[in-house]
Amino acid sequence: MGYVYAALWLVVGMVLVFKMGRENKAFYAVGGFFFFWAVWQLLGEILNVNMYDGAFGWIHKGIGVLTLALCIFIIYTERKKSLESSADSSDKSDDDCE
């Protein structure tokens with residue numbers, strides 16, 4: 001069953017990176033995490049080790065937290081840019097009306 005999950009995470013990662021990545025850069029980070037998750041799941045099946053327990057589990061959680069922090073940072077900077085550009089465009093449109 002682990003091979004099915006590995007394939008699922010790989011497909012989800014591909015969709016996020018190749019289809020949704022153009023929409024927002026945060027999808028690249030999330031898609032990369034799903035690629036990592038696919039490899040993690042596949043290694044667990046091949047090595048017959050529980051990769052979500054003990055030290056391996058903490059590594060996985062740490063990478064998950066770092067990915068989440070990266071996504072929050074990307075979304076924050078993209079939103080800040082979009083708000084600044086909309087404010088600049090509204091200022092220019094107000095100047096054109098006068």
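Helices are DSSP runs of H or I with at least four residues, strands are runs of E with at least two, and both are numbered from the N terminus. What you are looking at is a predicted model, in which local features need pLDDT of at least 70 and side-chain atom pairs count only at pLDDT 80 or more, while totals for chains, interfaces and linings use all residues. Residues are numbered from 1 along each chain as its sequence is written, and side-chain values use heavy atoms, with hydrogens and water left out.

Now step back to the whole chain. It has 3 helices and 0 strands, and from the N terminus on the order is α-α-α. The radius of gyration, taken over C-alpha atoms, is 20 Å, well over the 13 Å that the globule rule gives for 98 residues, so the chain is more spread out than a compact globule. That rule is 2.2 Å times the number of residues to the power 0.38. Along its principal axes, the C-alpha trace spans about 70 × 25 × 10 Å.

A residue is called buried under 20% relative accessible area, exposed over 50%, and partly exposed in between (1.4 Å probe, protein chains only). Of the 98 residues, 22% count as buried. In α2, the buried residues are A26, A29, G31, F33, F34, A38, W40, Q41 and G44.

Let us visit one of them. W40 lies in helix α2 and is buried, because its relative accessible area is 8%. Leaving aside neighbours within four places in sequence, W40 is in contact (heavy atoms within 4.5 Å) with M51, Y52, F56, I59 and H60. The C-alpha atoms of W40 and I63 are 23 residues apart along the chain and separated by 11 Å.

Setting aside neighbours within four places in sequence, G57 is in contact with M51 and Y52. G57 and E78 are 21 residues apart in sequence, and their C-alpha atoms are 31 Å apart in space.

Between α2 and α3 there is a loop, and N48 is found in it. Most residues other than glycine have a negative phi. N48, however, has a positive phi near 55°. At 72% relative accessibility, N48 counts as exposed.

Finally, turn to the surface. Y3, V39, L42, L43, I46, L47, V49, F56 and I59 form a nonpolar patch with about 810 Å² of accessible area together. The elements that give two or more residues to this patch are α2 (26–47) and α3 (54–97), and α2 gives the most, with 5 residues. Patches are made of residues with over 30% relative accessible area and no salt bridge, with like charges joined within 9 Å and nonpolar side chains (Val, Leu, Ile, Met, Phe, Trp, Tyr) within 5 Å. A salt bridge is a side-chain nitrogen of Lys or Arg within 4 Å of a carboxyl oxygen of Asp or Glu. Accessible areas come from the Shrake-Rupley method with a 1.4 Å probe, and for residues only the protein chains shown count as cover.
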